[in-house]
Protein chains: 2
Amino acid sequence: MLDDKISAAESVDIGYLDRGTFFGDGVYEVVRTAGGRIFGLEYRMQRFAHSLAELRINGIDIEEIDSRVKTAYKKSSLADAVIYWHITRGCGPRSHTWNDSIRPRFYLQITPLKDASQKKQHGVDVMSLPDIRWKRCDIKSLNLLPNVLAVQAAKEKNCEEPILVDENGCITEGASAAFFAVINGVLRTAPLTTNVLPSITRCFVLHIAEHIGIEVDQTAVSLEEAYNADELMISASTRDVLPVVKFDDKIIAAGRPGEYTMKIMAEFEKFINGKTTLPWPKLVFRNKNEFNVPQALIK
Amino acid sequence: MLDDKISAAESVDIGYLDRGTFFGDGVYEVVRTAGGRIFGLEYRMQRFAHSLAELRINGIDIEEIDSRVKTAYKKSSLADAVIYWHITRGCGPRSHTWNDSIRPRFYLQITPLKDASQKKQHGVDVMSLPDIRWKRCDIKSLNLLPNVLAVQAAKEKNCEEPILVDENGCITEGASAAFFAVINGVLRTAPLTTNVLPSITRCFVLHIAEHIGIEVDQTAVSLEEAYNADELMISASTRDVLPVVKFDDKIIAAGRPGEYTMKIMAEFEKFINGKTTLPWPKLVFRNKNEFNVPQALIK
């Protein structure tokens with residue numbers, strides 16, 4: 001029955017039996033383009049392969065996915081675009097378990113990139129919310145309901161991003177962005193555990209900081225530390241690096257983009273535009289010795 | 001792009017833009033029928049309304065859904081069936097946030113109920129796994145990836161059900177079933193918090209126990225306590241109440257369905273068959289004073 005129409009099972013489109021809908025059983029990626037070039041696609045492909053492997057969605061040819069992304073983008077006429085794609089484990093009668101014969105399904109969309117220049121120039125407001133997500137946020141899965149609820153709550157408070165705080169009062173990351181604080185000249189962000197997405201923009205931000213002489217400390221920032229930080233910033237594939245000028249009711253960095261933030265943004269811009277003289281970073285999925293769930297769950 | 005076919009956005013079926021797939025943004029219910037009668041539909045409708053309200057999926061006429069379920073079931077020729085339905089928030093361009101104008105989508109399927117009589121007679125094996133789910137398991141949402149992974153892992157060990165253990169070593173519930181222990185003549189199960197589904201079979205089991213003189217204690221059972229329990233059982237809409245005879249490598253109740261378990265099963269059977277002389281229970285969503293996440297997250 002679809003809405004109020006009853007049909008025989010055989011006549012219903014197989015798409016209605018997608019495990020993506022029944023269970024959120026799939027993984028996705030997002031990449032931006034700049035002036036007709038896809039930015040850092042190889043990093044997304046690495047992470048996509050990681051997500052697929054962790055969920056045991058097997059038999060995906062990553063090179064073929066890479067080629068599909070490039071082919072689809074060539075067909076679009078968008079210089080600055082957002083490419084989103086996902087793979088679900090496949091379709092079949094609803095059952096938690098799956099058989100290896102199931103055939104994964106691929107979906108990709110290309111949309112114009114929204115201009116973030118005002119946000120980059122003036123900074124954004126963010127708000128804190130409890131992190132109620134599952135314990136495998138290193139997998140970029142389609143189970144995004146806690147993220148959806150948090151982003152909606154932030155939007156309703158006119159905030160750019162919800163910043164998630166764990167049960168110990170420490171910030172893990174934003175619901176759709178990485179999060180950084182500058183405290184006494186040190187760039188701080190939570191370590192990569194299974195509670196945090198191995199963000200690609202995070203990888204670039206830390207890499208840039210190290211190359212321009214900013215000390216990096218991958219130790220989670222408490223909410224109190226964040227309120228009193230010298231600078232805060234967030235980063236996301238579709239928004240690059242954004243200065244944070246207000247966190248809950250606390251004004252950050254006198255309400256203006258901070259010095260360290262602007263330096264990092266400028267270097268990141270050079271990567272985006274293909275004008276950097278820095279080497280490119282290596283993507284890390286998890287910091288060593290930072291397994292925060294039983295090994296059995298990590299695989 | 002669907003698999004390897006590129007299309008203009010306008011020509012793609014709207015179903016590919018379902019927030020159910022992008023985010024798992026929807027809720028579901030399952031009910032069994034017995035001899036042509038739907039068992040306890042009104043309880044599912046109450047819980048469905050709860051799930052919808054918690055996710056702010058608005059504008060659903062529960063009476064209309066109730067009527068659709070009954071209409072669809074009448075059209076089927078199955079005496080013993082499983083009716084599954086879900087509602088997603090609706091379709092639209094992928095964006096975490098939603099507008100109130102979005103139109104929810106309804107999907108329902110009816111399949112034959114699998115015979116569980118052998119399992120009821122001989123009991124089942126279960127295994128423990130860490131509970132890595134999000135902190136709003138009281139909502140019956142489509143974010144089921146941790147459940148899928150756990151059930152698949154259990155199947156591969158020839159286990160009927162994965163029993164989830166939280167970070168304190170306490171059992172919350174099964175990934176697709178409620179969980180009970182009989183310890184010193186007392187029926188124990190975890191209290192209803194936001195970490196546990198307000199299971200309808202759980203509600204019946206506790207109600208039955210109280211009416212046939214078994215003491216009930218809604219205090220979570222530790223893994224150690226469960227290993228040493230006199231009896232264990234699980235319950236689920238599609239399997240009723242099942243005795244557990246093995247938990248990990250521990251034989252339970254000498255490997256046979258226990259006395260208390262069989263009494264509860266017999267009374268539950270009477271409810272299923274419409275032959276009970278007991279009053280019907282009242283569905284509870286959360287035990288008082290058992291809010292385990294900040295109030296702000298509960299609504």
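Trainee: Which residue is the bridge partner of B:T33 in β2(B)?
Mentor: This is a predicted model, in which local features need pLDDT of at least 70, side-chain atom pairs count only at pLDDT 80 or more, and totals for chains, interfaces and linings use all residues. Residues are numbered from 1 along each chain as its sequence is written, chains are lettered from A and ligands numbered from 1 in the order in which they are written, and side-chain values use heavy atoms, leaving out hydrogens and water. Strand β1 (residues 26-34) of chain B pairs with β2(B) in the antiparallel sense over 2 bridges, where strands are DSSP runs (E, at least two residues) numbered from the N terminus and pairing takes at least two DSSP bridges between two strands. In β2(B), the partner of B:T33 is B:I38.

Trainee: What is the order of the strands in the open sheet of chain B?
Mentor: Strands of a sheet pair through backbone hydrogen bonds, either parallel or antiparallel. Here β1(B) and β3(B) are joined in the antiparallel sense over 7 bridges, with B:R32 facing its bridge partner B:V82 in β3(B). β3(B) and β4(B) pair over 8 bridges, again antiparallel, and B:I87 has B:F106 as its bridge partner in β4(B). The 4 strands of this open sheet follow the order β2-β1-β3-β4.

Trainee: Which strands of chain B stand at the edges?
Mentor: Look for strands with a single partner strand, since one side of each is then left without a neighbour in the sheet. In chain B these are β2 (37-38) and β4 (105-112).

Trainee: How many residues of strand β3 (residues 81-88) of chain B are buried?
Mentor: Buried means under 20% relative accessible area, exposed over 50%, and partly exposed in between (1.4 Å probe, protein chains only). On one side of β3(B), B:A81, B:I83, B:W85 and B:I87 are buried, and on the other so are B:V82, B:Y84, B:H86 and B:T88. The strand is therefore largely enclosed by the rest of the structure, and the buried count is 8 of the 8 residues.

Trainee: Now to chain A: is A:R37 buried or partly exposed?
Mentor: A:R37 lies in strand β2 of chain A. Leaving aside neighbours within four places in sequence, A:R37 is in contact (heavy atoms within 4.5 Å) with A:R32, A:Y73, A:I272, A:N273 and A:G274. Because its relative accessibility is 43%, A:R37 counts as partly exposed.

Trainee: At what angle do helix α6 (residues 200-211) and helix α8 (residues 259-272) of chain B pack?
Mentor: Helices are DSSP runs of H or I with at least four residues, and angles run from 0 to 180 degrees between N-to-C directions, with axes fitted to C-alpha atoms over the stretch in contact. The axes of α6(B) and α8(B) are 10 Å apart, and the residues making the contact include B:F204 and B:I208 of α6(B) and B:F268 and B:F271 of α8(B). The packing angle is about 115°.

Trainee: How many disulfides does a search of the whole structure find?
Mentor: A disulfide is a pair of cysteine sulfur atoms within 2.5 Å. For A:C170, the closest cysteine sulfur is in A:C137, 16 Å away, so the two are too far apart for a bond. Over all chains, the number of disulfides is 0.
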